[in-house]
Amino acid sequence: MRVLGVDPGLTRCGIGVVEGVAGRPLTMIGVGVVRTPADADLGPRLVAVERGIEEWLDEHRPEYVAVERVFSQHNVRTVMGTAQASAVAILCASRRGIPVALHTPSEVKAAVTGSGRADKAQVGAMVTRLLRLAAPPKPADAADALALAICHIWRAPAQNRLQRAAALHAAAGRGRAAVPGAAQAPHPSKGRTP
């Protein structure tokens, strides 16, 4: 499985591509940052982020894109920029028919370090170790993008099983309801006499 992780941001949008499967050593394919000038207008900055992500998608052809889910922060301006860059990443992937997964920062930290409260240094150290790199990727946005890709590779098999089980359960429920005159089996706690 090849996953492109995106740590969204307007000034620095971290991008990382990781390949592998859960339970086996993973390989970093590429890592970098799409940068835009903080003093530029919003439109051109979003176009620059889009072009950067499109280049990564063209070059690395991922099967999945994992994007950090935007969460509330105290700085509304930062949240807005992060949300806008996130939307651009989702749009670029969806335009190509690439499935997108959103992971919260605490999910990513827990998957990579074992603690949902890990700091950026701990995430960078574990990414370095897991991908057998000589040094942590810089800046931290790049390491975070790799952590997102790792998280998705490790979580995807369980998520896929849950989604299949839910789909089968829903299909079974529709099948019973679709049969005319089919008797519904009583719930185990109903219809019993002491």
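R132 counts as exposed in this predicted model, because its relative accessibility comes out at 53% and the cut-off for exposed is over 50%. You'll find R132 in the loop between α4 and α5. Its backbone is worth a look too: phi is positive, about 55°, although R132 is not a glycine. Most residues other than glycine have a negative phi, and most peptide bonds are trans.

R61 is exposed, with a relative accessible area of 61%.

Back in the loop between α4 (120-130) and α5 (140-178), look for P139.

Four of the five residues of β4 (residues 64-68) are buried, so the strand is largely enclosed by the rest of the structure. What are its partners? Strand β1 (residues 2-7) runs parallel to β4, joined to it by four bridges, and V6 stands opposite V67 in β4. Strand β5 (residues 100-103) also pairs with β4 in the parallel sense, over four bridges; here V65 stands opposite V100 in β5.

Strand β5 also holds H103. Is H103 buried or exposed? Buried, because its relative accessibility is 0%. The H103 side chain makes a polar contact with the side chain of H152, at 3.1 Å.

Key:
Residues numbered from 1 in each chain as written. Predicted model: local features only at pLDDT ≥ 70, side-chain atom pairs only at ≥ 80, totals over all residues. Heavy atoms only, no water. Buried < 20%, exposed > 50% of the residue type's maximum accessible area, 1.4 Å probe, protein only. Helix = DSSP H or I, 4+ residues; strand = E, 2+ residues; numbered from the N terminus. Pairing = 2+ DSSP bridges. Polar contact = N/O pair within 3.5 Å; in protein donor to acceptor, adjacent residues only side chain to side chain.
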